Amino acid sequence: MAEGNNNHSNYNTVKNLLKKRVEIVSDLSLQKKITGILLAIFGVILLINGYFNNAVHFINLGIGLIVIGWIVLIFSHEKYIKYDITSNVLNDHMDIIKKLIKGLNIETDGIVIPPKENLKDGCIYLPLHRDFKINFSLIDDSTLFVNSDNRDEMGIVFSPLGKGLIKLLKKYRGEYDAPLKEKNDIGELSEYLDYFLTLFQAGNNIEVKIHNKDIVTISYRIVDNSLCNKLQKEELCKKCPCPICGAIVLIIAEFLNEVLKIESIVEKNKIITIKLKIIRNILK
Amino acid sequence: MNYKLIFLIILTLFTTFISMFVNEVKLFLILLLICFLLLYSLTGHYFNRRIQNNLNIILYLGIGVFIIIVFQKAIEILNG
């Protein structure tokens with residue numbers, strides 16, 4: 001009973017915080033719009049004044065202000081993708097995954113498999129046992145449960161959350177850039193991930209480091225951490241990361257073309273730290 | 001990085017600077033277009049698709065103005 005009340009008050013707090021956030025964001029957007037309109041009006045006044053008084057500098061300044069005001073108005077648009085991380089749809093999806101993981105009593109961490117011939121978008125693999133082996137011949141796009149005579153090869157395959165974002169990213173990025181597999185510099189990877197976070201307005205300040213050639217650490221600042229709190233509480237981050245972290249780990253797996261184990265995903269004050277381990281020895 | 005802010009700061013500084021030192025509107029428009037093109041090509045792909053589409057309108061308008069200026073100049077030269 002007490003737990004139920006607690007959950008209800010938590011739900012109300014989160015709801016109020018979200019309401020406040022939406023108000024602040026819409027206020028900011030309105031302020032930007034007002035600034036843009038004022039700049040454009042001031043520009044028109046300067047332009048007319050300059051035209052009648054034959055003052056070229058005023059005409060120039062007027063045109064410049066109109067252009068800047070127009071650009072400020074364009075920049076005042078709200079998010080391109082309505083990425084509502086706390087949406088009921090996503091919550092329901094996560095609940096199904098949670099039930100599946102709990103039902104099968106899976107205690108292992110997620111394994112990120114990069115795109116391969118039989119796995120077009122890559123996948124998150126959750127082995128059933130801690131001493132596991134990955135048999136790639138048993139895993140493809142249509143597999144959910146991996147069944148094998150060898151119990152070490154058994155597990156579940158999830159289509160990674162965030163693969164839709166990666167597809168969208170590749171579609172936009174493709175116009176300007178070479179494919180991810182052709183990149184070989186860690187700086188290029190950081191730039192790619194920075195672009196990803198900026199494009200979807202999901203975060204910023206990303207840093208990627210590779211230690212001893214087998215540990216990869218990524219840290220970035222997330223814009224909306226409400227889902228992080230929920231997933232961290234249920235310890236789902238390591239098993240099936242949210243769309244943003246999921247897309248990041250998948251991009252890194254694709255860049256390195258290696259199978260990665262999610263060692264930890266920690267959120268503290270909106271800073272996400274992801275630790276991944278490259279696994280090479282246990283592949284069959 | 002906040003590419004929108006960088007874009008706006010550079011454009012504002014450049015616009016203020018050239019509006020003070022350029023004595024002809026046509027030259028000012030061409031310089032403004034060049035600055036816009038440079039900034040847009042450097043930072044444009046960091047903006048989301050809706051912003052890119054809206055900035056394209058300014059770009060095409062600028063190119064249209066540029067073509068009119070060039071035609072005017074060509075007609076002036078041809079008429080002696």
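Reader: Which helix holds both B:Lys73 and B:Glu76?
Author: This is a predicted model, in which local features need pLDDT of at least 70, side-chain atom pairs count only at pLDDT 80 or more, and totals for chains, interfaces and linings use all residues, while side-chain values use heavy atoms, with hydrogens and water left out. Residues are numbered from 1 along each chain as its sequence is written, and chains are lettered from A and ligands numbered from 1 in the order in which they are written. Helices (H or I, at least four residues) and strands (E, at least two) are DSSP runs, numbered from the N terminus. B:Lys73 and B:Glu76 sit 3 residues apart, about one turn of the helix, in helix 3 (residues 49-78) of chain B.

Reader: How far apart are the N and O of the salt bridge between B:Lys73 and B:Glu76?
Author: A salt bridge is a side-chain nitrogen of Lys or Arg within 4 Å of a carboxyl oxygen of Asp or Glu. For the side chains of B:Lys73 and B:Glu76, the N to O value is 3.8 Å.

Reader: Is B:Lys73 buried, partly exposed or exposed?
Author: Buried means under 20% relative accessible area, exposed over 50%, and partly exposed in between (1.4 Å probe, protein chains only). At 46% relative accessibility, B:Lys73 is partly exposed.

Reader: Which residue meets A:Lys163 in a salt bridge?
Author: A:Lys163 belongs to helix 4 (residues 163-173) of chain A, and its partner lies 42 residues apart, in the loop between strand 1 (111-113) and strand 2 (123-127). At 3.6 Å, N to O, that partner is A:Asp121.

Reader: What is the order of the strands in the open sheet of chain A?
Author: Two strands pair if DSSP finds at least two bridges between them. Here 8 strands pair in the antiparallel sense, with strand 3 (145-146) and strand 5 (203-211) at the edges. The order is 3-4-2-1-7-8-6-5.
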